[in-house]
Number of protein chains: 2
Amino acid sequence: MTAVAAPASAGFASLDALVRPRSVAVIGASDEPARIGGRPIAYMKERGFAGELWPVNPKRQTVQGLPAFASVEALPAAPDVAIIAVPAEHAIATLDSLGRKGCRAVIVFSAGFAEMDEAGAAAQERLTAVARSHGIRLLGPNCLGVFNDSIRFYGTFTASFEKGWPIPGRIGVVSQSGAYGTHVFSAALDRGLGMQVCITTGNEAEVALGDALGWMAQAPEVDVICAYAEGIRESERFIAALELARRNRKPIVMMKVGRSQLGGAAAKSHTASIAGDDTVTQAVLDEFGVVRARTTEEMLDIAYVAAKRIYPARNTLGVLTVSGGAGVLISDAAEQVGLEMPPMPEAAQERLRGLVPFCAPRNPVDCTAQVTNNLPLIGQFAESVATDGGYTSILSFWSQTAAGRSVGPSLRQQMQAVRAAHPDRLWVMSMLAPDKVRDYEADGWVCFEDPSRAVNAIAAMGHYGAAFAAAGETRPAVPLPQVTLPETTPSEAAAKALLATAGVPAVPEAACPEAEAAVAAAERFGYPVVLKILSPDILHKSEIGGVLLDVGDAGAVRQGFATLLERARQHAPTARIEGVLVAKQIKGAVEMALGMFRDPVFGPVAMVGLGGIFIEVLKDVSFRRCPFDTAEAERMIRSLKGFPLLDGARGRPKADLPALAKALSALSAFAAAAGPRLAGIDVNPMLVLPAGEGCYAADAVIELEGGSH
Amino acid sequence: MTAVAAPASAGFASLDALVRPRSVAVIGASDEPARIGGRPIAYMKERGFAGELWPVNPKRQTVQGLPAFASVEALPAAPDVAIIAVPAEHAIATLDSLGRKGCRAVIVFSAGFAEMDEAGAAAQERLTAVARSHGIRLLGPNCLGVFNDSIRFYGTFTASFEKGWPIPGRIGVVSQSGAYGTHVFSAALDRGLGMQVCITTGNEAEVALGDALGWMAQAPEVDVICAYAEGIRESERFIAALELARRNRKPIVMMKVGRSQLGGAAAKSHTASIAGDDTVTQAVLDEFGVVRARTTEEMLDIAYVAAKRIYPARNTLGVLTVSGGAGVLISDAAEQVGLEMPPMPEAAQERLRGLVPFCAPRNPVDCTAQVTNNLPLIGQFAESVATDGGYTSILSFWSQTAAGRSVGPSLRQQMQAVRAAHPDRLWVMSMLAPDKVRDYEADGWVCFEDPSRAVNAIAAMGHYGAAFAAAGETRPAVPLPQVTLPETTPSEAAAKALLATAGVPAVPEAACPEAEAAVAAAERFGYPVVLKILSPDILHKSEIGGVLLDVGDAGAVRQGFATLLERARQHAPTARIEGVLVAKQIKGAVEMALGMFRDPVFGPVAMVGLGGIFIEVLKDVSFRRCPFDTAEAERMIRSLKGFPLLDGARGRPKADLPALAKALSALSAFAAAAGPRLAGIDVNPMLVLPAGEGCYAADAVIELEGGSH
């Protein structure tokens, strides 16, 4: 991975006026609190926004009891932010007035732009141009706006507050869809989660998802970020935002929908057709430790736990359970998400058996229902799991026991004491006691009814921890080669030669008119070699015995050269003989595929996967933005389901992983250096020999933009 | 699949006395309502069990106000069921007394049997023997018992009723783990789900999971069955129960934990080592349409929807949504679980666009927030999705709109009217309105906060529907061949020959001393053939040109025969020449693997997967109990992720699927007929040629029990 310069958080702070304004003008302000132009004012009045609030409405003296202004020009000063709630056809002129007034942040509610038709798209371009000409940060159009409850700013017309106002908390939400953003807010509210800041980006004429993410990444109001995207339209600020959030240890949990849609337009190369745009997004999210949620419920589970701000870099799970069955279920769930559950130390196991003879003290630690007959055992078991087990995360499963009249209060008191003694751990409670959840949460617990959901969220904290730890590592920059692309699409041989220069080796072969040249080539490639009769007139070489395998030394090359010429003379006396082709013999290789294509948003992206037909059918591939170093290349290779094929599965020799990683990294550097004329590369198969013997491209295609074939 | 005789439901009804007794004796009855021997009595008294309740306690005149009996012998009659709540060491004698008294159903709470140690296991065997000698159906030992709230029978000492009594409903739960069974009950209660019957099987000395499932499969108290298993110990009644439940259209949703554990002990053959015991269980569940839940939450989601008893045999999903983003999210989730979402008819789409110009009427049908400004549109959109779309399942997503003061009541009324007009559909509501859920449920809806969970549960109803429909099909019985196994483990050649007789063809080859014999063999196999010089003295045949490929007709065979003999004479004048080996030439084949092993519980199980190293690394395999017909074999093959390899992926010819299915079915019939001496079969690779050209085993191993090598 290239060493990325520290992202300029100052750049993201330029959204301050949009999300944390001291003065707000509403253009198209309505006296009706339920209308689009009325809601922001009604909300801010009810909640007590402390800044200036200036309704603009030429037809009224007051709006909802506030003095109204006849025009933008009539405002007492440039507002920090202005909300445009007028019909689309007036939006551009309004924006221009605001710019001239000196306003530099505008939220456009108005719909009827790019989401509608061609004319709307053109209008949106004009809107953007006006914003840019004034240096305005513009949110929308066609967006539901922003709210920042920490300062009681409500620049939104969502109706979702009918249910209730935000409650204190440090989870922020960024959403391209207004409906989905407020859905998440509303679902969070139902769960008692504090989500006080919400930015919806709508059509993203100017402010895009990356800007909003970046603002939250540096904003003190927000610890945890929920994000919803239908498509990433802009990469530079998006990547800088992910980088900054990782650096500032703020977890992002992202819902990216449209997994099924393929990036058909981008499918110039074969590699691209395998990718689809979602795969590239996934690769970028993986790169920065963003956790992808599959459901809204999962998004909120993860945000809920993340708000505890405990992100173990090397996560281990200890489980204390009152039910053996639940213990097995939890172990299954942990294995599923790759969360490690090391056993308790032997001595501790022995001691726990002393407390409850039929307990299962390994991990999961099943204390059995026996503890409900001898309540002080609860604390002793919990303390042992924390102290002796030393786990970073501890899940305790109590089912309905926690709700019991007799056991419940003592359970809560004991578990709380142990938790308080180990505040560095991630403590999670799984219980069936809906009316006790708020009490436990007040104690500082996170609580789940379903232990599998708890395990999933705990695993996510480990992903964040690992990503945050990796953000601190300094990595050497990947040196980029000088690349001169040919004028037209190169032949297979030329493509292989070009890639070989860049560090992606091809199977070495040489046409040798004489025996000594063949010996020299063989010595250069290393034995054994393959000898093939070289003649334009002999098509089926093997049928006349024209191919010799396993040629093992110089003597054998000389003898083989003579044998082939003799056979050719005998079986094809009239054929023109040009000599012998000497090629390095590749045996016992694993067939891989490397590739690269240009993503319209994220630029050059490299791929590695199992070669041959399996890449298409099983889709076992890994993608990463170019360029990246060999360590990252190795991580990509190790992430393949088929990795055991390279790693000595079934008694095979281990393949030359370092050579493959080096070639993949070299390919990524080549792609990064080549510039936009390079449309794609397919190296398939890439033959990987046993450890120490290298890897070689047997076929390669380079595609150029506008290149002819 | 073999045509299975109708399972005898009468057999399962033999558990009636255990679950639906009219008289209950409690041996070891306690006057303390909180003690194990006191709880059943306290529960039945409080709930008003209508039958006889006889405490047995030699030390008391009364127990919890009921007259007590001094001994089993002193009971006025044989109780329908007796509960043994005495220490383990007295359990066997008590059971014997009960048997002599004429009692034929006993629940043993007592622990200290096979779950403890060797001595406990021996005691359990004695317990079982005593039960069998009296013809007693015995539940436990070490179980939490039974409850059947529909008759207020509480043969359990669970403490989970502290939270509340069961509420009316027709979901039953069967669990090997008492703690987990009551956890599910308690979680269901928290959700307002009616789960009135629960059977926990504990150590399963006599009554096993299959008996309990089978009882529910025929019991009028139960419509939907939740099951929890750690391991299936008995197959015959288990399978009969699944068969009966399917026939009676009762969905089973099963949590089977221990997915990670491999059946090491059973790993006699290579196929078995790939399987692990969980894979076989999964194959059996697949066979009968049992849906596997990964989490308790998922189990209850599915049971909740299943209780509506709408199981579409060919399930299609129509989605009505107020948010486009949620629509995409729902489409992703549906694709993930293979639930089809056909588009609305064009004319209907046109009409909906007439109602709301910016709506997206395809499916998901996004009616947009516009409908909240024109409420009657809600019903018009819903009616169109139901009538014009004709979907079997309809998910409507309203987010927090349903909770709104203004929109909520009208939404509920309109949606209810449309739902009532189409009662055959599976209607599911996704909304953020926790305090409205009970109202909607009272209307007849099922409600989910998270639409992804709704989609998952809807998909399960389709799985049930398809399985129930398939149960009605009559299938031809699979004819079993006569199999005579050799005395000792056969050689590769003998194994291939034996399997070939049974219908699993091997690559045909013949050693031919003369040219005319070679021609005859080639004509038998079909062209092209491969000719190889046959000599014990020539090891590297290809180096002397001793292998001829693509030999295409009789003339070419004769000429090739002569060529090979001539080359041998020339290059190896002293070699003994035995003639020429003629083999069918297998080119362009897909390599598959077939296999079979003997599962300790389910008997012979056959496997098919991609051949070569991929079977181990990618675990892309399918298992099924033997025997099964070619239709089932084809379903197994089609279920492989790598199936496109056989189906013409990337412009390859389609492989001979019928031949492969026939060979797989033949293997299953062979395995079923061979008896227990057959331990395993591995056919790897099985070479599958293009359509019409057949498939051929290139290697085969047959393992025998106790067979020498």
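**Exercise 1. Find what share of the contacts in chain A between residues at least 6 apart in sequence join residues at least 24 apart.**

Step 1. Take contact as heavy atoms within 4.5 Å.
Step 2. Keep the pairs in chain A that lie at least 6 apart in sequence; of these, 72% join residues at least 24 apart.

The model is predicted: local features need pLDDT of at least 70, side-chain atom pairs count only at pLDDT 80 or more, and totals for chains, interfaces and linings use all residues. Residues are numbered from 1 along each chain as its sequence is written, chains are lettered from A and ligands numbered from 1 in the order in which they are written, and side-chain values use heavy atoms, with hydrogens and water left out.

**Exercise 2. Describe the make-up of chain A.**

Step 1. Count helices (H or I, at least four residues) and strands (E, at least two), both DSSP runs numbered from the N terminus. Chain A has 22 helices and 29 strands.
Step 2. Read the extent along the principal axes. The C-alpha trace of chain A spans about 105 × 80 × 35 Å.
Step 3. Apply the burial classes: buried is under 20% relative accessible area, exposed over 50%, partly exposed in between (1.4 Å probe, protein chains only). Of the 709 residues in chain A, 61% are buried.

**Exercise 3. Relate chain A to chain B.**

Step 1. Superpose the copies by least squares on the C-alpha atoms of residues with pLDDT of at least 70 in both.
Step 2. Compare the surfaces. Both copies use the same one: 100% of the contact residues of chain A recur in chain B.
Step 3. Locate the axis. Gly545(A) comes closest to it among the residues of chain A, with its C-alpha at 2.6 Å.

**Exercise 4. Work out how α4(A) packs on α5(A).**

Step 1. Helix α4 (residues 88-101) and helix α5 (residues 118-134) of chain A pack at about 0°, with axes 9 Å apart.
Step 2. Classify the angle. Under 35 degrees is roughly parallel, over 145 roughly antiparallel, 65 to 115 roughly perpendicular and the rest oblique. So α4(A) is roughly parallel to α5(A).
Step 3. List partners. From α4(A), Ala91(A), Ile92(A), Leu95(A), Asp96(A), Gly99(A) and Arg100(A) meet residues of α5(A), including Ala123(A), Leu127(A) and Val130(A).

**Exercise 5. Characterise α4(B).**

Step 1. Check its length. Helix α4(B) has 14 residues and reaches 20 Å from first C-alpha to last, close to the 20 Å expected. The expected span is 1.5 Å times one less than the number of residues.
Step 2. Pick out the buried residues, among them Ala88(B), Ile92(B), Leu95(B) and Gly99(B).
Step 3. Find their packing partners in chain B: β1 (23-27), β5 (81-84), β6 (105-108), α5 (118-134) and β7 (137-139).
Step 4. Look just past the helix. Gly102(B) takes a positive phi of about 105°.

**Exercise 6. Is Thr182(A) buried or exposed, and what does Thr182(A) touch?**

Step 1. Thr182(A) is buried because its relative accessibility is 4%.
Step 2. Leave out residues up to four places away in sequence. Thr182(A) then touches Leu144(A), Thr158(A), Ser160(A) and Gln400(B).

Notes
Axes are lines fitted to C-alpha atoms, for helices over the stretch in contact, and angles run from 0 to 180 degrees between N-to-C directions.
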